[in-house]
Amino acid sequence: MITNKKQPSTKLRLLAGITLVALLGGCATFSPDGGFNSVESVAKEHLGKEVKWVKTDEDRQKVYAQVTAILAKPLTADDAVQVALLNNAGLQATYSNLGIAEADLVQAGRLHNPGFSFQRLEKANVFEYERKFIFDVFGLLTMPTRTALEQRRFDQTKRRVTGEVMRIAADTRRAYLDAVAAQQTARYMDDVRDAAEASAQLADRMAKVGNWSKLDQARQQVFYVEVMSQVARSHQAARSEREKLTRLMGLWGAGAQFTLSERLPDLPAAPREINNLEQTAMSQRMDVQMAKQEVEGLAKSLGLTKATRFINVLDVSYLNKSTAGEPNQTGYEVELQIPIFDWGDAKVAKAEAMYMQAVNRVAEIAVNARSQTRGAYSAYRTAYDISRHYRDDLVPLRKRISEENLLRYNGMLIGTFELLADAREQVLSVNAYISTLREFWLADTNLKMALLGAGTDSGMSTSGDTAMPGESSGGH
Amino acid sequence: MNSRRNFIRTAGATILGAGIVSKVGAASVPEAPMQTVATTQPPLIPPNGRPYNPVVTLNGWTLPWRMNNGWKEFHLIAEPVVREMAEGMNAHLWGYNGQSPGPTIECVEGDKVRIFVTNKLKEHTTTHWHGIILPAGMDGVGGLSQPQIPPGKTFVYEFEMKKSGTFMYHPHADEMVQMAMGMYGSLVVHPKNPNHHRVDRDFIFIMTAYDIDPGSYTPRINTMTDFNMWTWNSRVFPGIDPFVINQGDRARIRFGNLTMTNHPIHMHGYDFEVTCTDGGWVPKAARWPEVTVDCAVGQMRAFEFDAIYPGDWAIHCHKSHHTMNAMGHSVPTSINVETKDVVEKITKLVPDYMAMGQDGMADMAVMSMPLPDNTLPMMTGQGPFGPVEMGGMFSVVKVHEGIKRGDFKDPGWYKHPKGTVASEWNGPVPDPVKAPKGGKA
């Protein structure tokens with residue numbers, strides 16, 4: 001593109017070249033989906049959920065209608081996740097990052113506007129005119145590189161947004177499980193309160209007719225009062241868990257009046273068996289993929305740095321210098337640094353170091369990802385086994401104890417108070433089972449997220465702003 | 001009451017020929033008969049030896065013997081047994097020859113007895129002949145008067161019955177455990193002259209107590225006072241057979257006490273005299289009339305009466321908890337406590353809950369609610385007029401007309417002559433006398 005402009009025909013050729021460049025630059029226009037398609041497809045594939053980037057009032061209406069329809073019936077965990085993905089404003093804010101990143105990408109695909117400068121100098125009545133046509137040739141040369149870089153950033157933003165979708169989905173699922181479990185627990189605590197209340201009432205009457213001392217009566221009362229505060233706490237816990245879920249689903253007003261399903265989903269008949277657990281994680285996890293991509297990108301820029309080690313800021317200028325009374329001078333100017341003091345090796349060394357740093361970080365992320373996946377699976381299996389143990393052994397045993405106690409009550413071997421105390425124990429064991437079931441579903445959610453490298457403690461947080469990985473990538 | 005109380009009269013109920021332990025001893029040790037049922041067996045008319053009037057062992061039997069060169073030879077086998085305490089409840093006990101209690105040993109004053117004791121328990125044992133005058137080395141106190149009988153071994157006791165009377169046998173080796181597990185039996189020495197102290201009907205039983213947690217089978221051997229099975233010959237009401245007596249018979253009831261508390265035994269309808277203790281016969285001049293006789297721990301008593309008043313008469317320990325089966329001694333009293341509305345609340349949590357006890361506990365004998373395995377209702381039994389509401393140490397003395405000699409079969413319920421049963425008053429009820437106003441109640 002550096003042309004000697006001696007003849008008008010070459011000028012024309014230059015213009016043609018610029019036009020071509022402009023056309024090339026024109027390739028980096030805004031995509032119709034704004035990068036949202038990939039987010040959508042990941043949400044569809046891995047979550048089975050729909051996401052929506054609300055940009056217009058029409059979009060808003062649609063989302064509102066969809067959310068209202070879902071909220072009309074008791075919410076399942078999937079419903080809650082769907083509502084959050086459609087309705088969480090924070091998520092919508094995150095989608096805007098896509099727009100920003102894409103704008104950067106488009107920007108990278110465009111050359112600086114050509115410049116034209118005009119100088120008029122006077123020296124002892126001699127006027128010198130200098131006209132310069134400035135065109136960012138190096139920008140043109142480096143445009144593919146810059147575009148690739150911005151493309152990477154754009155891709156990363158897509159992954160980051162996807163990750164955020166995953167995180168919100170996981171958080172919502174967790175909040176849902178917590179809320180339903182807390183609601184269920186509160187309900188069972190009401191049963192405990194009923195038992196305690198019956199005991200206290202009976203105790204009152206026992207004392208009133210002279211069968212019991214004030215001491216015995218007071219003991220039952222104390223117990224009842226204690227149970228009452230436990231019941232109040234359980235209801236408060238249910239409300240606060242529900243509010244967490246409400247926030248994640250982005251609901252307020254009438255929307256916040258949703259109904260949760262009565263109980264947690266049952267324990268599956270068998271735990272999930274995952275073959276090639278670690279390979280699955282390696283191929284799916286977003287943090288691993290992103291780290292790999294960074295390394296590839298850095299490898300490219302390392303090559304570029306090596307190739308252009310002597311070239312600094314290189315503006316190629318088209319010069320047109322005219323001095324009054326003299327013919328115009330035209331030409332071009334290329335500035336090259338002479339590598340006397342700086343042979344560029346420091347720059348290359350830095351790039352190499354950055355590359356190696358990223359390579360090691362990938363290794364670290366991979367090691368962590370494998371470990372997290374194994375850990376998540378182990379936690380999942382343990383939670384499953386414990387919950388099943390509660391369901392199949394502990395709760396039935398408690399039930400059997402209660403049955404036997406009723407038989408003993410029938411035989412006048414124990415009294416009503418013992419029977420009621422046992423009924424409370426049985427209720428509490430059911431509550432304990434609910435808590436193990438909640439832990440199982442949380443572990444299940446964590447495992448899913450661990451396999452995707454999202455929403456876990458490693459998750460997406462490694463990504464940061466990773467265009468220059470030296471500053472921020474790789475773990476915490 | 002129930003048909004299981006009918007006597008089993010078939011000779012087949014006594015199975016001869018069960019285990020002899022060592023082949024060396026086989027030639028010289030008599031066979032050990034076994035018993036498989038817990039119902040009262042008919043008296044054993046002595047087939048040989050000196051004649052006597054046999055006793056009837058309540059829910060038990062008499063051990064057959066063999067005569068050998070002037071010796072009366074018996075064979076007891078100490079072993080684990082399953083004893084039916086009443087229909088629906090089996091206890092895992094230790095006993096002798098298939099049952100707890102062991103068979104009654106009957107002999108006659110002056111008899112030379114040789115009693116083989118084979119130990120089929122897993123721990124050593126001995127047998128103490130409670131109240132018998134004998135050589136010290138035959139007294140059966142492990143370690144003191146003899147080495148204990150090791151598991152699998154047979155020991156022999158030989159002594160002469162110097163006096164007649166009412167006695168018992170039980171272990172004196174790890175005796176706390178072995179008696180708590182049901183090892184004991186009656187021992188009766190009849191007078192040389194069968195006409196001395198002669199009666200027409202002569203019954204015997206021994207009182208023992210067990211703590212068998214409802215739903216379990218083996219007694220808790222460490223319990224000292226809080227027993228829940230108060231038994232006569234390891235049976236509880238309604239599993240205790242009646243004392244069947246022909247009107248006009250002279251009857252004797254002998255009993256001993258191997259529990260850890262005394263039992264005032266009370267019989268309705270009669271006054272009686274205590275005629276015998278484990279010390280011997282009470283001289284006529286020393287007897288006094290009673291309707292209740294207390295039998296202290298480790299004692300034996302026998303009382304006699306002329307069965308002239310017909311009827312079905314209760315006989316029982318007068319400690320009212322001893323006429324109950326398994327019950328909760330710490331269940332709070334709910335008498336007078338209104339529970340109706342609370343019951344609704346409770347049945348939400350315990351759907352099959354039923355309120356009991358606010359008017360008393362008699363409901364218990366009427367309602368047949370499911371109970372834990374292997375236990376009996378606290379109070380139970382049906383009589384001709386309704387629930388009997390009893391358990392434990394309770395039975396009925398049935399003095400009926402026309403019962404044949406030697407017949408101990410349950411004759412059914414007494415048929416009261418017209419106008420001799422308490423009934424509802426249908427005449428005018430006088431106004432109640434009221435306390436004067438202003439006065440203190």
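## A loop proline and the basis of the model

B:Pro238 is found in the loop of chain B that runs between β14 (229-232) and β15 (243-246), where helices (H or I, at least four residues) and strands (E, at least two) are DSSP runs numbered from the N terminus. The peptide bond that joins B:Phe237 to B:Pro238 is cis, with omega about 10°. A cis peptide bond also joins B:Ser100 and B:Pro101, with omega about 5°, and B:Pro101 lies in the loop between β6 (89-96) and β7 (105-108) of chain B.

The model is predicted, so that local features need pLDDT of at least 70 and side-chain atom pairs count only at pLDDT 80 or more, while totals for chains, interfaces and linings use all residues. Residues are numbered from 1 along each chain as its sequence is written, chains are lettered from A and ligands numbered from 1 in the order in which they are written, and side-chain values use heavy atoms, with hydrogens and water left out.

## The interface of chains A and B

Contact (heavy atoms within 4.5 Å) involves 33 residues of chain B and 29 residues of chain A. Between them the two chains bury about 2,700 Å², of which 67% is on carbon and sulfur atoms; buried area is the accessible area (1.4 Å probe) that two parts lose on being put together, summed over both.

Four salt bridges are found across this interface, under a rule that asks for a side-chain nitrogen of Lys or Arg within 4 Å of a carboxyl oxygen of Asp or Glu. One salt bridge brings together the side chains of B:Lys345 and A:Glu197, at 2.7 Å from N to O. On the side of chain B that touches chain A, the largest share, six residues, comes from helix α2 (residues 340-349) of chain B. The residues of that side divide into 22 nonpolar, five polar and six charged, where Ala, Val, Leu, Ile, Met, Phe, Trp, Tyr, Cys and Pro count as nonpolar, Asp, Glu, Lys and Arg as charged, and the others, Gly among them, as polar.

## Annotated spans and a hairpin in chain B

An unreviewed UniProt entry places the feature "domain: Plastocyanin-like" at residues 84-193 and 217-333 of chain B; such annotations may be inferred rather than shown by experiment. Residues 84-193 of chain B are 5% helix and 41% strand, with end C-alpha atoms 37 Å apart, and residues 217-333 of chain B are 0% helix and 42% strand, with end C-alpha atoms 28 Å apart.

Strands β24 (residues 380-383) and β25 (residues 386-390) of chain B pair in the antiparallel sense over three bridges, pairing being assigned if DSSP finds at least two bridges between two strands. The two strands form a hairpin with two residues between them, and B:Gly383 stands opposite B:Gly386 in β25(B).

## Local features of chain A

In chain A, strands β1 (residues 115-123) and β2 (residues 126-134) run antiparallel and are joined by nine bridges. A:Glu122 has A:Phe127 in β2(A) as its bridge partner, and A:Ala124, in the hairpin with two residues between the strands, takes a positive phi near 45°.

Over all chains the count comes to 46 salt bridges. In one of them A:Arg374 meets A:Glu278, with the closest N and O atoms 3.0 Å apart; this pair links distant parts of the chain, 96 residues apart, with A:Arg374 in helix α10 (residues 345-410) and A:Glu278 in helix α8 (residues 277-284) of chain A. A:Met412, although not a glycine, has a positive phi of about 55°, and this residue is placed in the loop between α10 and α11 (416-452) of chain A.
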